Amino acid sequence: MARRRGKHHEGEHENLERWLITYADLITLLLIFFVVMYSISQADLKKFQQVASSLRAAFNLDVLSAPPPGQSLVTPLEQDPRFNAYLSVRAQVASLFTRLGLDRQDAEVELTAEGIVIHLSDAVLFPPGQAELRPEAQRVLDGIAAIVEPLPNAIRVEGHTDNTPPPSAAYPDNWELSAMRAVNTVRYLTDVAGLPPERLSAAGYGEFRPRAPNDTLEGRRKNRRVDIVILQAAFGAVP
């Protein structure tokens, strides 16, 4: 009986000590938390400026420049001229497609680290598998030329395809098809629409820079496109 009582007391003693372990863990976590909070409160201004400079160089953005005393650290987005230019281009492209009675889904505008990108579906520019412009594509490119002409930036025209091989023997693969589409678009923008040739360049990327997976009709439709890239100065200065 005495042995049973002894074992019973030992078990109670172990149970009583378990809360001490949990309590010690909690105290340790609280100590770590306060150390981290103290470290954050002692932010190193020099390191912060180094990080801001690195990000600015990488993305050509002034998102983390140290503000003058008394001013906000973050520049409001609406005060960024690049964002305002993006909004203006997007609105003009939307107005162009509405005016021409075209599907708004065939033109999308995106702001990237390289610049403003106008995604034009191949459906409004080329017949399937071909690199010669549709007659009705001319009014689209005339409108695009009018939008980008006042801007000082260099422009890169990119051809992209889905992963389906070209049906025509004239183009052995998607590299050649996408490159010829980009070149023919550049030729129209310079020779007919009158953009200065030194502002433009052409590139063909085939199927290798998709915007969506190629396993659906919608994805392949999205990938067959010509991109008009209005380059930031860091990625393509006009000579």
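Reply: What follows looks at one histidine, H160, and then at the protein around that residue. The model is predicted, so local features are given only at pLDDT of at least 70 and side-chain atom pairs only at pLDDT 80 or more, while totals for chains, interfaces and linings use all residues. Residues are numbered from 1 along each chain as its sequence is written, and side-chain values use heavy atoms, with hydrogens and water left out.

H160 lies in strand β3, which covers residues 155-160; strands are DSSP runs of E with at least two residues, helices are runs of H or I with at least four, and both are numbered from the N terminus. H160 counts as buried because its relative accessibility is 1%, where buried means under 20% relative accessible area, exposed over 50% and partly exposed in between, with a 1.4 Å probe and protein chains only.

The side chain of H160 is joined to that of E158 by a polar contact of 2.9 Å, a term for a pair of N or O atoms within 3.5 Å in which, within protein, one must be able to donate a hydrogen and the other to accept it, residues adjacent in sequence counting only if both atoms are side-chain atoms. Leaving aside residues up to four places away in sequence, H160 touches S178, Y205, G206, R209, N223, R224, R225 and D227, contact meaning heavy atoms within 4.5 Å.

As for the whole protein, there are six helices and five strands, following the pattern α-α-α-β-β-α-β-α-β-α-β along the sequence. Of its 239 residues, 32% are buried.
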